[in-house]
Amino acid sequence: MQSNDGNTGVLAARIGPGHTDAPRQDTALSVRGLTVSYAEKPAVFSVDATFETGAMTAIVGPNGAGKSTMLKACLGIVPRLSGEVEVFGQPVDQARHRIAYVPQRASVDWDFPATVLDVVKMGLYRSVGLFSRFTRGPEARARACLERVGMSGFADRQIGQLSGGQQQRVFLARALAQDADLYLLDEPFAGVDAATERAIVDVLKSLKAEGKTLVAVHHDLTTVPEYFDRVFMINVRPVAEGPVAAAFTADALATAYGGRLAATHVDQLALAGTSA
Ligand SMILES: Nc1ncnc2c1ncn2[C@@H]1O[C@H](COP(=O)(O)OP(=O)(O)O)[C@@H](O)[C@H]1O
Ligand SMILES: [Mg+2]
């Protein structure tokens, strides 16, 4: 998508990189001092994180580490106790139209009476002026997005009648329909079979090739080096961030997961990271 802030590129070029006042388009998502609390104990505490434009970044950490909460707080779905969130250098409230969000599948009411095509079209309704923006109508566009995730044969199916993997593909199609610049995905591979995982990875990699930014909460540590460029590790507090080869280390894994991963397992995972 052509961004609606085309002047920032010019500005950045004029001022040059490194100028503190220059818009930081090299950062897609910036989180500063984020704290979120549902009760007395914070679920996310004092988190700083920088997600690079054009990269695929995994958010990893144990169950209950605050990964989903962090994404939801960035989007304003849960309130922030403190913290600033910027998207492509703008406060998130002004840049929401540039974000597509795929929630954790378990958090969605699949009994909701809607067809696959309805769900994908919901991704389109957020864009005001959409019907002039796209040459094709919304129906054709939604169908093209279903095709891209291999679900064109299911357009008229009720969403409750899909397998987990098919549901996940439909949610990805809805995100594609939004034509966003930043994709936030919460465990896109949870509960899907190997073929669907491959299909989703291929779509994510093609989005990356188009220059999109991807941030995914990811559960399977063994595939981090294969799928992702960068990693952000969290256990309520930030633990590590950076390129996989530098940040996905045995030390960081041990800090984030504590005793929950056997030491030998941690070493192997980190080795996989350095060889990628
Ligand atoms: N809606 C909620 N109300 C109260 N507590 C919640 C809510 N959502 C999550 N939590 C708690 O916040 C913590 C972080 O949860 P979550 O962000 O879902 O972790 P993760 O996605 O890393 O598994 C957990 O202790 C969880 O029980
Ligand atoms: Mg979660």
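Which helix gives the most to the shell around ligand 1? Helix α2 (residues 67-75) does, contributing three residues, where helices (H or I, at least four residues) and strands (E, at least two) are DSSP runs numbered from the N terminus.

## Basis of the model

This is a predicted model, in which local features need pLDDT of at least 70 and side-chain atom pairs count only at pLDDT 80 or more, while totals for chains, interfaces and linings use all residues. Residues are numbered from 1 along each chain as its sequence is written, and chains are lettered from A and ligands numbered from 1 in the order in which they are written.

The protein has twelve helices and ten strands. Of its 276 residues, 40% count as buried; a residue is buried if 20 or more other C-beta atoms lie within 10 Å of its own, exposed if 12 or fewer, and partly exposed in between, with C-beta atoms placed from the backbone. Among contacts between residues at least 6 apart in sequence, 67% join residues at least 24 apart, a contact being a pair of residues whose C-beta atoms, placed from the backbone, lie within 7 Å.

## The shell around ligand 1

The residues around ligand 1 are Tyr38, Ala43, Gly61, Asn63, Gly64, Ala65, Gly66, Lys67, Ser68 and Thr69, each counted as near the ligand if its C-beta atom, placed from the backbone, lies within 6 Å of it. By class, the shell divides into three nonpolar residues, six polar and one charged; here Ala, Val, Leu, Ile, Met, Phe, Trp, Tyr, Cys and Pro count as nonpolar, Asp, Glu, Lys and Arg as charged, and the others, Gly among them, as polar.

An open sheet of four strands has the order β2-β1-β4-β5, with antiparallel pairing, two strands being paired if DSSP finds at least two bridges between them. Its edge strands are β2 (42-52) and β5 (90-91), each of which pairs on one side only. Helix α2 packs on this sheet, touching β1, β2 and β4, and its direction makes about 110° with that of β1; axes are lines fitted to C-alpha atoms, for helices over the stretch in contact, and angles run from 0 to 180 degrees between N-to-C directions.

Within the sheet, strand β1 (residues 27-37) and strand β4 (residues 82-87) run antiparallel and are joined by five bridges, with Thr35 standing opposite Ser82 in β4. Strands β4 and β5 pair in the antiparallel sense over two bridges, and the bridge partner of Val87 in β5 is Gln90. These two strands form a hairpin with two residues between them, and Phe88 in the turn has a positive phi of about 50°.

Pro42 lies in strand β2 and counts as partly exposed, because it has 19 C-beta neighbours inside 10 Å. Leaving aside residues up to four places away in sequence, Pro42 touches Thr35, Val36, Ser37 and Val236. The C-alpha atoms of Pro42 and Arg237 are separated by 9.6 Å, although the two residues are 195 residues apart along the chain.

Five of the five residues of strand β8 (residues 213-217) are buried, so the strand is largely enclosed by the rest of the structure. Thr213, Val215 and Val217 point one way from β8, whereas Leu214 and Ala216 point the other way.

Strand β3 (residues 56-60) pairs with β8 in the parallel sense over four bridges, and Ile59 stands opposite Val217 in β8. Strand β7 (residues 182-186) also runs parallel to β8, joined to it by five bridges, with Tyr183 opposite Leu214.

## Helix α11

In helix α11 (residues 250-257), Ala252, Leu253, Ala256 and Tyr257 are buried. Seen down the axis of α11, these buried residues fall within an arc of 110°, so they line one face of the helix; the arc is that of the directions from the helix axis to the C-beta atoms. An α-helix has 3.6 residues a turn, so residues three or four places apart point the same way. Helix α11 is followed by Gly258, whose phi is positive, near 55°.

Ala256, in helix α11, counts as buried because it has 23 C-beta neighbours inside 10 Å. Apart from residues up to four places away in sequence, Ala256 touches Gly61, Pro62, Met233, Ile234, Asn235 and Val239. Ala256 and Ile234 are 22 residues apart in sequence and 6.3 Å apart in space, C-alpha to C-alpha.

Definitions and conventions. Contact = placed C-beta atoms within 7 Å.
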